[in-house]
Amino acid sequence: MMELIGKIVKWHYDRNLIKGSTDQAQLLKLIEELGELSNSVVKGKDIRDDLGDMMVVMINIMERNNISVEECLNVAYEDIKNRKGKIVDGVFVK
């Protein structure tokens, strides 16, 4: 996994998407990719490419902010790990 992330980071640098772009521009790209995911979900299409594209953009944002994927996931897990809620009739109940 780390090798693949490294290839993605290199791809960003090779295209000047780290120093030549901004977090704001990448956020807009992420929202665009979210729209594509939404379209695929609604139409029952394969979502792997859409999710992957979103991850590529998020890796760009992480790289420009010197944050790792592992760090982000650890922070998120620490935030959710003690939550006791569950989905009941389609609604999350705490």
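**Residues and helix contacts**

Visitor: Is glutamate 3 buried or exposed?

Guide: The relative accessible area of glutamate 3 is 60%. Buried means under 20%, exposed over 50%, and partly exposed in between (1.4 Å probe, protein chains only). Glutamate 3 therefore counts as exposed.

Visitor: What kind of model is this?

Guide: Residues are numbered from 1 along each chain as its sequence is written, and side-chain values use heavy atoms, with hydrogens and water left out. Local features need pLDDT of at least 70, side-chain atom pairs count only at pLDDT 80 or more, and totals for chains, interfaces and linings use all residues, for this is a predicted model.

Visitor: In which helix is glutamate 3 found?

Guide: Helices (H or I, at least four residues) and strands (E, at least two) are DSSP runs, numbered from the N terminus. Glutamate 3 belongs to the helix of residues 2-14, namely α1.

Visitor: How are α1 and α3 oriented to each other?

Guide: The axes of α1 and α3 (lines fitted to C-alpha atoms over the stretch in contact, with angles from 0 to 180 degrees between N-to-C directions) come within 10 Å and cross at roughly 75°. Angles under 35 degrees count as roughly parallel, over 145 as roughly antiparallel, 65 to 115 as roughly perpendicular and the rest as oblique. The two helices, α1 and α3, are therefore roughly perpendicular.

Visitor: Which residues of α3 meet α1?

Guide: Contact means heavy atoms within 4.5 Å. From α1, Ile5, Ile8, Val9, His12 and Tyr13 take part. Their partners in α3 are Val56, Ile59, Asn60 and Glu63.

Visitor: How are α2 and α3 oriented?

Guide: The axes of α2 and α3, the latter spanning residues 48-64, come within 9 Å of each other. They cross at roughly 165°. That angle makes the two helices roughly antiparallel.

Visitor: How many charged residues does the contact of α2 with α3 have?

Guide: The α2 side includes Asp23, Lys29, Glu33 and Glu36, and the α3 side includes Asp50, Asp53 and Arg64. Asp, Glu, Lys and Arg count as charged, Ala, Val, Leu, Ile, Met, Phe, Trp, Tyr, Cys and Pro as nonpolar, and the others, Gly among them, as polar. Besides nine nonpolar and three polar residues, the contact of α2 with α3 has charged residues numbering seven.

Visitor: With which side chain does the side chain of glutamine 26 make a polar contact?

Guide: Glutamine 26 lies in α2, residues 23-43, and is buried because its relative accessibility is 8%. Leaving aside neighbours within four places in sequence, residues in contact with glutamine 26 include Leu17, Val57, Asn60, Ile61 and Arg64. A polar contact is a pair of N or O atoms within 3.5 Å; within protein, one must be able to donate a hydrogen and the other to accept it, and residues adjacent in sequence count only if both atoms are side-chain atoms. At 3.0 Å, the side chain in polar contact with that of glutamine 26 is serine 21.

Visitor: What is the phi of asparagine 16?

Guide: Asparagine 16 sits in the loop between α1 and α2 and is partly exposed, because its relative accessible area is 45%. Although asparagine 16 is not a glycine, its phi is positive, at about 55°.

Visitor: With which side chain does the side chain of arginine 83 make a polar contact?

Guide: Arginine 83 is in the loop between α4 (69-80) and β1, and its relative accessible area of 51% makes it exposed. Its C-alpha atom is separated by 37 Å from that of serine 21, 62 residues apart along the chain. The side chain of arginine 83 makes a polar contact, at 2.9 Å, with that of aspartate 79.
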